[in-house]
Amino acid sequence: MGSKYTKRYTEEFKRDAIALVDSSGKTVTAVARELGISSESLRGWYRKAKADRGEGQSGELTGAEREELRRLRRENREQQQTIEILKKATAFFVKESDR
């Protein structure tokens, strides 16, 4: 995932930083510089927050939609594994019944 040098920020810090961008009228880069964080991190948080408020770009997923997509992909992967196991079991029992 991230390197051992990746800094983790609390959700509260992220919300406050986003609110500061909204309320100050300053650019994302200027606010990031003031807070001592990466402008790309703040830009990503801001973009996600806008999408969650319904203000994002067309086709951009909200946080709930991203979570649902992760859940559905995980479920799909588990079902594919189950199907593969059942295929192997079927082949085994067909082979055994032919003896």
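Biologist: What's the volume of the largest pocket?
Modeller: About 260 Å³. Keep in mind this is a predicted model.

Biologist: Okay, and which helices each supply at least two residues of its lining?
Modeller: That would be α1, residues 11-24, and α3, residues 39-52. The largest share comes from α3, with five residues.

Biologist: Which residue does Glu11 meet in a salt bridge?
Modeller: Lys14, at 3.7 Å from N to O. Lys14 is partly exposed, at 21% relative accessible area.

Biologist: Switching topic, how many salt bridges does the structure hold?
Modeller: Seven. One of them joins Arg70 and Glu67, with the closest N and O atoms 3.0 Å apart.

Biologist: Where do Arg70 and Glu67 lie?
Modeller: In helix α4, residues 63-97, three residues apart, so about one helical turn separates them. Arg70 is partly exposed at 47%, and Glu67 is partly exposed too, at 40%.

Biologist: What about Lys87, which residue is its salt-bridge partner?
Modeller: Glu84, with the closest N and O atoms 3.8 Å apart. Lys87 and Glu84 are also three residues apart in α4.

Biologist: Is Lys87 buried or exposed?
Modeller: Exposed, with a relative accessible area of 51%. Glu84, at 39%, counts as partly exposed.

Definitions and conventions: Residues numbered from 1 in each chain as written. Predicted model: local features only at pLDDT ≥ 70, side-chain atom pairs only at ≥ 80, totals over all residues. Heavy atoms only, no water. 1 Å grid on protein atoms, 1.4 Å probe; cavity = no way out; pocket = protein on both sides within 12 Å on 5 of 7 lines; lining within 4 Å. Points joined across faces, edges and corners; volume = space filled by probe spheres on them. Helix = DSSP H or I, 4+ residues; strand = E, 2+ residues; numbered from the N terminus. Salt bridge = Lys/Arg side-chain N within 4 Å of Asp/Glu carboxyl O. Buried < 20%, exposed > 50% of the residue type's maximum accessible area, 1.4 Å probe, protein only.
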